[in-house]
Each structure stands twice: as C-alpha cells, then as structure tokens.
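Open the model in your viewer and keep the selection panel at hand. The tour runs along one interface.

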Protein chains: 2
Amino acid sequence: MLLSLLCPESGGLRHVESSALILLPLTLKKPLAVPHRHMFGPGPSNVPPRILDAGASPVIGHMHPEIFEIMNDIKSGIQYMFQTRNSMTLAVSGTGHTAMECAIFNAVEPGDSVLAAVNGIWGERAAEMAERIGARVNTIVAPPGGFFTNAELEQALSKHRPVLFFLAHGESSTGVLHPLDGIGQLCHKYNCLFLVDSVASMGGTPLYMDQQGIDILYTGSQKVLNAPPGTAPISFSERACQKIFNRRTKPVSFFLDLSWLANYWGCDGKPSRVYHHTGPVTAFYSLRESLAVLVEEGLEKSWERHEKVAEYFHAGLESMGLKLFVKEKKARLPTVTTIVAPHGYDWKEITTYIMKTHNLEISGGLGPSVGLVLRVGLMGCNSSKANVDMVLAALKDALKHCHKSKV
Amino acid sequence: MLLSLLCPESGGLRHVESSALILLPLTLKKPLAVPHRHMFGPGPSNVPPRILDAGASPVIGHMHPEIFEIMNDIKSGIQYMFQTRNSMTLAVSGTGHTAMECAIFNAVEPGDSVLAAVNGIWGERAAEMAERIGARVNTIVAPPGGFFTNAELEQALSKHRPVLFFLAHGESSTGVLHPLDGIGQLCHKYNCLFLVDSVASMGGTPLYMDQQGIDILYTGSQKVLNAPPGTAPISFSERACQKIFNRRTKPVSFFLDLSWLANYWGCDGKPSRVYHHTGPVTAFYSLRESLAVLVEEGLEKSWERHEKVAEYFHAGLESMGLKLFVKEKKARLPTVTTIVAPHGYDWKEITTYIMKTHNLEISGGLGPSVGLVLRVGLMGCNSSKANVDMVLAALKDALKHCHKSKV
C-alpha cells in the first residue's frame, strides 16, 4: 500500500511504503493523570500551588530584559540562601547532578588530583564524575552513617594534595549532616578548593558559604526550596574563579562552561549577554518563587523550624522503639532522617504499604545504604509537626500490618 | 555588633559578626511579574494554557510508576514525531544543547574523527563540542543561507572518514531547511553515523528518521511542540547503539551517559530502573501534553499547515518588497523565516520597535547571520495565517516609523 505525503523537498508529494510509517500512539489520546501524594521521601518534595502557578506563567524569551531581571532576583536569593557575596552565583539549567558536573567540569583539568569524601552515594558519584574527565581521584571512605574528623581530612589533604576536595554537607543516602567548620581553612592551607554538595541540606540547616570557606557550593530546587526539579543553584568563590578562568584546557562541556554561564547570568561584568543556551524560563519562574517563600520566612527561621521538627520526629521514632541510623545527634540531617530498617521486616513491604494505604512516600536506602535504612524527608513546607504525626501514624500502621518474621 | 544564630553543629547558639551575614534581598519581596507576549522569534514559542497547566500538575517522584507511564507515553510520542521504531528513544533533561552534547558525548571517543556541516551556528557549536572531548574535527563549510549537495558531502565523508557526521536539518540561524534524502545512505557507505539536529524543524516539516537513515536525531521542546524549554527528545538507531555500547572509554558525562539514561527511560530491556538523576517531572508533564496536541492534529496535518502558512508568509513578505534570505525555495525552513535585513535600516531598531509597539518578538540574526537578517518563527500553535497577518502589519508599521538612511 502506498500513502501520499506532502514533501517539500521534492517539491510536492512523494510516495512511501505505509510500513515505513509510525502510526500515532493511542496512549497519548488519554488525558494526563497525576495523583496528589505526600512527598515525604528524600526528594522531590511537595510543591505548593503558589510555586506551581508561578511556573505556569507565560513563556517569554530567554534573552528578554524581564527574564534577566528574574535571573538577577534568583541570584540575590541564592546569595542570601548560601550566605555568600560571590558575584559568580547562578542557577544551572538542570538538576543537582548537572550542578555537580558543572562544578567538577569547570574546576578540574585532566591530570588534576581530586579528593572525594565518600560516606554515601554522593561522594561515589563525585569521584566517578572526576574520573570520567581524566582526573587522578582519591577517596577517603567512612562507613554509611559515619563522617570525618578534621584531623582525618587534613591527613588525606596532606597526602593527596588535591586541587579539589568534595564533601556532601547533607548525605541524603545515609542521613548524615557533615560538620563543616574548619574544613575550608584546611583546604586553603593545602591550596585546594572546597566543593560542597548541599542538595539535601540547603535552607534546612545553617551553612555560611563565605564564612566557612566554601569555594563551590550547589543545591537543587526540589528539596527545601519546594520547587519542581530542574534547576540547581550554584556559587563559586573568587579563589575558585581564579583557577577556573586560568585553565590550560577548555572544560569538556560547552553547556556547562562557566565562562558562558557567567555571561548568561550577568556575572562577568560584561555589558551585554550573548546567547548560550535557551534557559528553562518557566523553571526560573518557579525557582524565583521558591526563593521568595524562603525570604518571606527568613533563613534563620527556616533553619530553626527544620531543627525543631526533626527533633520532634526523632523523639517520636525513638518512642516507637525505632532506631536512628546516625548515632551522633549533632550529625543528624534535619531534612532527611534515616531510620534503621526495622528488624524482621522487609523494608520494601513497609514503603509499599505506606504508599498504598496512606498515599505517602517514604523510601528505602540508596547506594551504600540500601537494605539498611528507611528514609523520610520533611523539607521546606513539608517540615511541620502535623506531617511528623502523619508519618509516625503511617509507620505504626505499617509495622502492625506488614509481615514480621519470627526472630 | 553580634547576632545570635541557631547552629546545631555547636549544639546551640553561636555568635557571628553581622558583617558576615548576607541580608535578605528586598527584590524578592516583589511579586513575580511576567508579561504576555507574541513569541514569533526563533524560539521559545508561545505555550498554550493547556500545556502550561499540565506542567502545574502536582509533583510526584521521579521513580514512581505513574511517572514511568508518562515517560513511556512520551517515548511513544517521540517515536511517532520522529517516525522511528528505535527503542532507544527518550527525552534528555535539558534543552537542545544538552541533547547535542548527549549525542556527541556518547557517540564520540577521544581521537575519533568527526565531520560537521557548518552553514550556520549549529554546525559551529557541534564542532566545538566534539573538539572539547578530544575528537579530531573537520568541517565542511557553506556560506550562511547555503547548503550542501550530496556530492559535496560524499567527497568530505570520503576524505575525512568520520565516525560521526553532524547536520542541522533546520538551520534556525540562517533559515535553511537542509535536504536529507540520500545522506544517511552515504554516511553508512562510509561507516559513519548520521547525526541530525532538528530542533527548529521537527514537527513542522517532513522527516522520517528510520527511512532517511538517521542514526541520532534530537529536537527541543520549545519550538513546534510549544512546551516550555527544558526537555529535549532524542533517539538512537541500532547502529548508533552498537557503537555507543561498545566504547573503549566512558563518556565524559555521567549525567548524559546513554547506558544510564536508557535504563531510566526503560529502553534497555532490564527489569528494573535504577536511580540516575531526578527527572524534571513537571517538564515531562508539559512535554507529554505537547506531544498529545501533536497527536491530535496528526503529524502530516502539522507539516502541511506549517508549509501553507510559510508560503502565505513568504508571499506576503515579497509583496511588501522584502527579500527572503534563502534563495532556493525548497531550502526554506517553514518554521523559521529569514528576511534579508531591509536596506538602509538598523535591524535592531526594527525588532525593538516591534517589541515595544506590537508586544511581538521577532529577532535579528545569530552567529554568522548577525546583521544580515531578521528572523521570524511561526511554530506549532503560532503557525497560522492570522499570526502572519499580525507580523506583516508589524513589519509594515516598523518600516514606516523606523529611521531610514538616505541610500
């Protein structure tokens, strides 16, 4: 059978075998259906209607003056959230992994020595990214749930002499909040840049980029900020820029090349901005709105609220007889809580039961913590005592109804 | 002056100099304001409320069964739009540049020979991306507005023996629609993969990925599809997968590594999906809705409509005495029209006047076409005779009111 199809290349119709035609998919004739759900896993968290609505504002150009103003607002919001005066502050058009690659691709050249602190999945991924671009990568490893003393870190810095040291502030796979004080100073003593992943912690616990000597810091939109996933705030210190803008080689990625991004975000002091990529303008609207929400509450209040809600949650868990995975209280992430997987239960049955019965997401472990923990994220607007009560009730119900082996 | 701030790391309060504190930005206290605007530049194009609303649906998890179903629908929609049966079909979490890097990062290893057809900005950028990852890059160059014959391409393929040949189907910087027939076959004759950028053309003019022997094809969400920028459909042939999954080295990017993306999108036949990155779920909702709109109209009808509207537009421009930049009628992109910058005028004054007076975006050139052209994009829902009339009226008005030098 032959079908006639309009084809401008041949100036009119052309005949193709119908077998060569891919017919339209009937599945797309069904309307989009998305359930409402309590998003209490390690992210993405729930997005309030106000932020969703902002993202449904009309699309304007990625180079229009109005979007530059919105991007400037975002930049100010990030500087506030990160507690930094860095002019090299912007949002990457992608999720946390994109920001991680942006940091590593720009700061590291082939052959450079990189040190990654591995106490969960994020250190592993940072190490892998640096390896892929030809860095000499060393790791310092702690078991899941553990963290590093400054003395241990200094030893590793002095041994490996890296140009970049990676640390996850909030290790969402294990629930560890890593202490930061003094590490930036140690890195600088060894002429090393200090790169911090704060995807899971930012906005929910104190962090002072400038004061703590952090050279590159990034987070994601979909955690405490309660914006949809798709943008990732990032900031670079003067010291980081010094290395980045004096590279011998170009970064492997044009899309993530900081010299281009800096211009697009008006961070390079040049009078005009040149087309780099088409910024995800509606995602920028949502990100701006999420920063506005944070500004309305105030950063200290947000830190305090997450802290108090976490304490209330942790006390509730312990009073149920559940154990917290992170032993040291001061190293517990207030945004993502790891609970020792209850003895005698299949963790997967618990999370599935809670999703099915309570329409509520909590999750199992990730990477090195798989099978060891349950993870509960209460971030941004989700961080409230009412939600803690909801999670505790769901957990109690699950432990009652899920199968328990005789142990 | 000292301020007290809650700091869990020291177990309570700590004192910091207030000078170290970045105060909250007042600019974020103003509500988000986004103008409505006729987006008739080369993209992003207007997004209908239906697609914006889909993107404001509640956030669910990037690994929930419902999002996998939505991703499967997207995959089917892309297969239809691309006219391909490739199972390796998905959407990259990023804009067109991310898809371009995804194609090149996966298909090319350091030292590989790459050939890029440069007749505008996109070939230049593809060449730059390949260079950054250590490929040996050659180009075949045509002046802006020009294109290549199959004989010229065969000569270049035979000379440079590339593993990958890049061609822009829709060269949005110059308005050229490149003929595709026979090129895939030529590439395969020389054991080369055929990579096609269809960001500006896809959905607006015929293209048959399988039939035309295209090995890697990508587009963006923000052109004919009328979704917000932020996702990029891409597909890989069996032949492309053969090379990609038998690489000696890992691709430089973990985020864009096809073996990870293939698993996340359920393209690798494995029984379960492993966490790779947090997919931009709300952008997936919009993309699905935009594909549903295309399915409702039907691909052939969409091609036909763009073709007819472009003919009507081009006739209107010529009757005004304006000249089309692309001489050969068959090589004119129906989605993005390039008009020779009117003699005696400052093109920038024209676009600024039209934006100010008509709330309508048309743009100047890009890369090699800067100063040479005006560009008008009428894509997806924007491709209508009513919009053509609006643009023609705006252009007439601008030519009347903008300053014309005595020439």
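Select the contact between the two chains, with contact meaning heavy atoms within 4.5 Å. Chain B gives 107 residues and chain A gives 107 residues. This is a predicted model: local features need pLDDT of at least 70, side-chain atom pairs count only at pLDDT 80 or more, and totals for chains, interfaces and linings use all residues. Residues are numbered from 1 along each chain as its sequence is written, chains are lettered from A and ligands numbered from 1 in the order written, and side-chain values use heavy atoms, without hydrogens and water.

Now show the surface. About 9,300 Å² is buried between chain B and chain A, with 61% from carbon and sulfur atoms. Buried area is the accessible area (1.4 Å probe) that two parts lose on being put together, summed over both.

Next, zoom to B:Arg132 and A:Asp257. They form a salt bridge, with the closest N and O atoms 2.9 Å apart. The term requires a side-chain nitrogen of Lys or Arg within 4 Å of a carboxyl oxygen of Asp or Glu. Between chain B and chain A there are six salt bridges.

Color the chain B side that touches chain A by class. It has 53 nonpolar, 31 polar and 23 charged residues. Here Ala, Val, Leu, Ile, Met, Phe, Trp, Tyr, Cys and Pro count as nonpolar, Asp, Glu, Lys and Arg as charged, and the others, Gly among them, as polar.
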